[in-house]
Amino acid sequence: MPAPTLLWIRRDLRTTDHDALEAAVARGGPVIPVVIRDKSVTDLGAAPALRLELGLEAFARRLEEKGARLILRTGKALDVLRELIAETGAEAVFWHRLYDPQAVDRDRKVKAALHDDGIEARSFAGHLLFEPWEVETGQGGYYKVYSPFWRAVRNRDVPATLTAPAEIPAPDSWPDSEALADWKLSAPMRRGRDVVAGHVEAGEEAAQTQLGSFIRDRIEGYKAGRDVPASGATSDLSQYLTLGEISPHQCWHAGRRAMEDGKAGAETFLKEVVWREFAYHLMYNAPQILDRNWREEWDGFAWREEEDDRVLAWKQGRTGVDFVDAAMRELFVTGRMHNRARMIVASYLTKHMLVHWRVGQKWFEDCLVDWDPASNAMGWQWVAGSGPDAAPYFRIFNPDTQAEKFDRDQAYRRRWLAEGQGNPGEDALAFFEAAPLSWELSPDDERPKPLVDLKAGRERALAAYKDLKDDV
């Protein structure tokens, strides 16, 4: 029998459409799935770490159904892989590629070292529809604007999805594994853990169910309803895509079939799948987007980065602007936030409050169960105006106008804001169960007065933008 293959699992917690797993099984020997708690795991924010814990629990159950186990180890990736190779006699290590600069650097070093050790080390596509280096402009560079990127990829062939193996070949004896509970991934969530976990249904099976119900019941009205936070019209697939509990290929093919069936919202859904691709395309080709203004002229803009009481009020959903505050409460209770709401709270922070986008990016990185490095960075820079293909700076969302347009019946605001309601609902009250005790907040508090007058804040932001243009 061929020697074992180590299957290095990162953001691909699935057995369906898993190229690396398919190749490992085809190789003929036992397959040993392993997750390594290295810096990429220990550096996760609180909510992403909780979501990873829940995802690993579900993935371990899925592997057991296939006759396999999930091996957990802590340490530097290369050291752990070499230890497992020595323990198991493995002669190959397979994994799916990631594209953030830290992962790229780590994986290149791991692959080179394993090759030097005489180990077959192979990486596979699977986290994206298209490899970031495969999509080029006519001049050979990378795309900086979404619309031509969409036109370049919309008719490209996407590989067919792979079925899950009926069984994963197991070794005669499994290597020792650490216990997931001992990793304490969800500990930083403290009292908010159970609140947020109650809004998460993790795992490959849940992802498949979510995609199926969206295509069957909601994609028809997706284009018309996706901007209304209380409508429930979105796919809610982002948390599954970020951990690879479902592949983008499967989402793409489901959307294409719906488009061929004449469902009105299907093309809009496909464009959103490609928007995620565009974020990775930018991050891979211009990694400075993760922590620096993509447009260098914005380095001189009058943003503040100190996290004062006003920033704390924004985090707490206590700006006095109902739409903003409802969205921030939704984030803290569920670990997610509707996309329209994300744009509004980001615009309010970076433009009305003139706070640097990095402050908001960092908070989302800590609070989102669907946190994704590329999408988070591009989203913040798009709204702030400092990124590629960004919203023009004079587009300053007025939260009250947005509320009138997208939450006319106030269903979204009533769902998430308890203060001032005679009989607030369970979701509104859940915020106070999750909030740190040090915040000393109560549903009986009065609604705060607005931190910023919306008209005055807009005028101040435009004046700052004019100063920036004059200085360039």
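Author: Below we go through some labels, one at a time. This is a predicted model, in which local features need pLDDT of at least 70 and side-chain atom pairs count only at pLDDT 80 or more, while totals for chains, interfaces and linings use all residues. Residues are numbered from 1 along each chain as its sequence is written, and side-chain values use heavy atoms, with hydrogens and water left out.

Reader: Why is the pair of Trp 133 and Tyr 284 called tilted?

Author: Rings of Phe, Tyr and Trp (its six-membered ring) pair if their centres lie within 6.5 Å; planes under 30 degrees apart are stacked, over 60 edge-to-face, and the rest tilted. Here the centres are 5.3 Å apart and the planes stand at 55 degrees, so the pair of Trp 133 and Tyr 284 is tilted. By this rule the count comes to 27 aromatic pairs.

Reader: Why is the pair of Trp 275 and Phe 278 tilted?

Author: Their ring centres are 5.9 Å apart and their planes are at 45 degrees, so this pair is tilted. Both residues lie in helix H13, three residues apart, about one turn of the helix. Ring pairs also link Trp 275 and Phe 278 with Tyr 143, Tyr 146 and Phe 149 into a cluster.

Reader: How do you know whether Trp 275 is buried, exposed or partly exposed?

Author: Buried means under 20% relative accessible area, exposed over 50%, and partly exposed in between (1.4 Å probe, protein chains only). Trp 275 has 26%, so Trp 275 counts as partly exposed. Phe 278 has 0%, so Phe 278 is buried.

Reader: What puts Arg 10 over the face of Trp 8?

Author: A charge sits over a ring if NZ of Lys or CZ of Arg is within 6 Å of the ring centre and within 35 degrees of the ring normal. Arg 10 lies over the face of Trp 8 at 4.3 Å from the ring centre. Likewise, Arg 358 lies over the face of Trp 357, at 5.8 Å from the ring centre.

Terms used: Helix = DSSP H or I, 4+ residues; strand = E, 2+ residues; numbered from the N terminus.
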